[in-house]
Amino acid sequence: VNDPVTGISEMKVFPNPAVDAAHFRITTPDAADWKVSLFSLDGRLIQRVETSVQQAGLLEGRLPLQGLPESVYILRAENERGEMLVQRVVKVDGAGK
């Protein structure tokens, strides 16, 4: 029996690049608690993002970027099953250089 692939989670970040804030959406086949953190490229923790499962299989959140320098950051989400999702987040200056 060839069943379709199930059990795969996905994370999207938008808008990306972002100026003041970005939003993320995690879709997962079941309800799970996720820890979401933003890191610099050198691995330094910048912030932890408060999350809560809004409905089974969907988690959405806001990632504040005010006060951070223009750079590339890493958004990492981990759940209690050890699953890890990683996305690159680009922070840009809104002044339009």
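Modeller: Before we start: strands here are DSSP runs of E of at least two residues, numbered from the N terminus. The model is predicted.

Colleague: Fine. Where is K91 found?

Modeller: K91 is in strand 7, which covers residues 84-91.

Colleague: And which strands flank that one in its sheet, in what order?

Modeller: The order is 4-3-6-7, in an open sheet of 4 strands with antiparallel pairing. On average, neighbouring strands are turned by 25 degrees against each other, direction ignored.

Colleague: Back to K91. Buried or exposed?

Modeller: Buried, and without a salt bridge. D20 is the nearest side chain of opposite charge, 5.4 Å away.

Colleague: What does the K91 side chain reach, then?

Modeller: The backbone oxygen of V19, at 3.4 Å.

Colleague: Which residues does K91 touch, leaving out those up to four places away in sequence?

Modeller: A18, V19, L65, L68, P69, E70, S71 and Y73.

Colleague: How many bridges join strand 3 to strand 6?

Modeller: 7, between residues 34-40 and residues 71-79, running antiparallel. V36 has A77 as its bridge partner in strand 6.

Colleague: What is the bridge partner of H23 in strand 5?

Modeller: R62. Strand 2 (residues 21-27) and strand 5 run antiparallel and are joined by 7 bridges.

How values were computed
Residues numbered from 1 in each chain as written. Predicted model: local features only at pLDDT ≥ 70, side-chain atom pairs only at ≥ 80, totals over all residues. Heavy atoms only, no water. Buried < 20%, exposed > 50% of the residue type's maximum accessible area, 1.4 Å probe, protein only. Lys, Arg positive; Asp, Glu negative; His and termini not counted. Salt bridge = Lys/Arg side-chain N within 4 Å of Asp/Glu carboxyl O. Polar contact = N/O pair within 3.5 Å; in protein donor to acceptor, adjacent residues only side chain to side chain. Contact = heavy atoms within 4.5 Å. Pairing = 2+ DSSP bridges. Axes fitted to C-alpha atoms, helices over the stretch in contact; angles between N-to-C directions.
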